[in-house]
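I set out to record what I looked up in this structure, entry by entry. The entries follow the order in which I consulted it.

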Amino acid sequence: MFNKFFILVLSMFLTVNFACAADNEALISEIDIQTHIDNIGFEILNSNKINKRIIFTYTKPNKLYKGRPEITKRQIIVYEKQIQYTESDDEIAALLAMKISDAVKSFEDTGVMGYLEIKMAPKKYEKFSDKRAVDYMVRAGYNPLGLITFIHKSCPQKRNDWISTHNLTSKRLAEIYEYIFVKYPYFLENNSYIENPYYQNFLLSSLENRKILERKLKYKTVYKVKYE
Amino acid sequence: MNKFWVTIWVLLLICLNVRAGEDFLVDEFLAGKNHPKPEVYNYYNFASTEYIPIKLKVSNDISTRDKRKFLYGEEVNLQVKSNVFYKNKLFLKKGTPVTAKIEQIIDSGMNGIPYYIYLNDFAISGLDSSKIFADYHKAGLNLVYWVYPVKWALTFLPPSGILTNIIKGGHAKITSNDIITVYYFPEWE
């Protein structure tokens, strides 16, 4: 009787202990991810001499933040699902750099109109953020092609963007590619992503847009071209 | 239907003579040019608070009205506006040439959003660029402040609020009268 009681107590104790260990592992994993995000995020802020206070918060998908905290609270929220799309530090830096760009822009006009300007013209500022993210990444020592692979993997391709608050992903990718091509050709000339399957798929799916860019470069047109 | 699209893609690939695994744009326009690796600012120490403000002006006016649209990263010439002194010694002479790069241009947009010009990567001869702190941009005439209230007032008479979408903000122009202040932190590493 006494032995049975002890076995029961011991088994209950072990069950609780295993559950705690699993929780602890999950917690340690979350802390590791948060630390990694902080390291990359603050590296971008310092390398770009961004003298504004911005924080980074890693969160599980069950906690959704309303609105755009990167503009209102200068708090960059990184969801678990977004991190799942990243494979390298370049891609994590890409994700953070885009949001840092929005946060920095929101500091320019501290009034409500500055916030509204970004909210009312989201497509315009999305393109701006993409390009600025490239600059931020380069100055912090990351490969900007990581931005292309990250967006290519994580953003869906809608039918059109007439009434959407986002640009067509193919347009965004084409503009980022053009920006890197003109401003940072080093990364395309010494392309470490050329054997990356996602980058190859981007090259395949952006064939027509790259043909448009080819015509622009061939005829030395400096006007903006319309990508599809 | 799928077969149709596959056929179209295959024909297109054959017509364009694209080989898998290669980027034809890089081969055509960048190959063999050996572009330098962009500078990385990974080492820093921002402990020092000592700085020297340097006032600059552009040598030639820059305007988004210019029909020739600027290329990303295009160089802009500036000069030091007045003598700069540090510890009672002449640090920079008036007229010292300075270069900067056009970092971004935001086009004007619906509801009075203006053009923006962003300058960055300032380089002053004889000074370490990594010790220069600059955050300069200029916007055109911003009409957002009165367009939005009008838009909201018109919301009660749909769809008249849409009419404000055709109002665009002004062009951004940096003239020689504009003072661009950058800060040099001599003790930053």
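**Entry 1: a sheet in chain B**

I began with B:Leu56, whose bridge partner in E3(B) is B:Val80. The model is predicted, so I note that local features need pLDDT of at least 70, that side-chain atom pairs count only at pLDDT 80 or more, and that totals for chains, interfaces and linings use all residues. Residues are numbered from 1 along each chain as its sequence is written, while chains are lettered from A and ligands numbered from 1 in the order in which they are written.

Helices (H or I, at least four residues) and strands (E, at least two) are DSSP runs, numbered from the N terminus. Two strands pair if DSSP finds at least two bridges between them. I found strand E1 (residues 52–58) of chain B joined to E3(B) by 3 bridges, in antiparallel fashion. Between E3(B) and E6(B) I found 5 bridges, also antiparallel, and there B:Gln79 stands opposite B:Pro97 in E6(B).

I then looked up the whole sheet: it is open, has 7 strands in the order E8-E11-E1-E3-E6-E7-E9 (chain B), and its pairing is antiparallel. Strand E8 (132–133) and strand E9 (136–139) of chain B are at the edges with a single partner strand each, so one side of each has no neighbour in the sheet. E8(B) is joined by 2 bridges to strand E11 (residues 180–184) of chain B, where B:Ile132 stands opposite B:Tyr184.

**Entry 2: two helices in chain A**

I next examined helix H7 (residues 145–154) and helix H10 (residues 197–205) of chain A, which pack at an angle of about 80° with axes 9 Å apart. Axes are lines fitted to C-alpha atoms, for helices over the stretch in contact, and angles run from 0 to 180 degrees between N-to-C directions. Angles of 65 to 115 degrees count as roughly perpendicular, and H7(A) and H10(A) are therefore roughly perpendicular to each other.

Residues are in contact if their C-beta atoms, placed from the backbone, lie within 7 Å. On the H7(A) side I listed A:Leu145, A:Ile148, A:Thr149, A:His152 and A:Lys153, which meet A:Tyr198, A:Tyr199, A:Asn201 and A:Phe202 in H10(A).

**Entry 3: where the chains meet**

Finally, I looked up the interface, where 33 residues of chain B are in contact with 37 residues of chain A. Helix H2 (24–30), strand E6 (97–106) and helix H3 (144–154) of chain B each supply at least two residues of the side that touches chain A. H2(B) gives the most to that side, with 5 residues.

Methods. Contact = placed C-beta atoms within 7 Å. Parallel < 35°, antiparallel > 145°, perpendicular 65-115°, else oblique.
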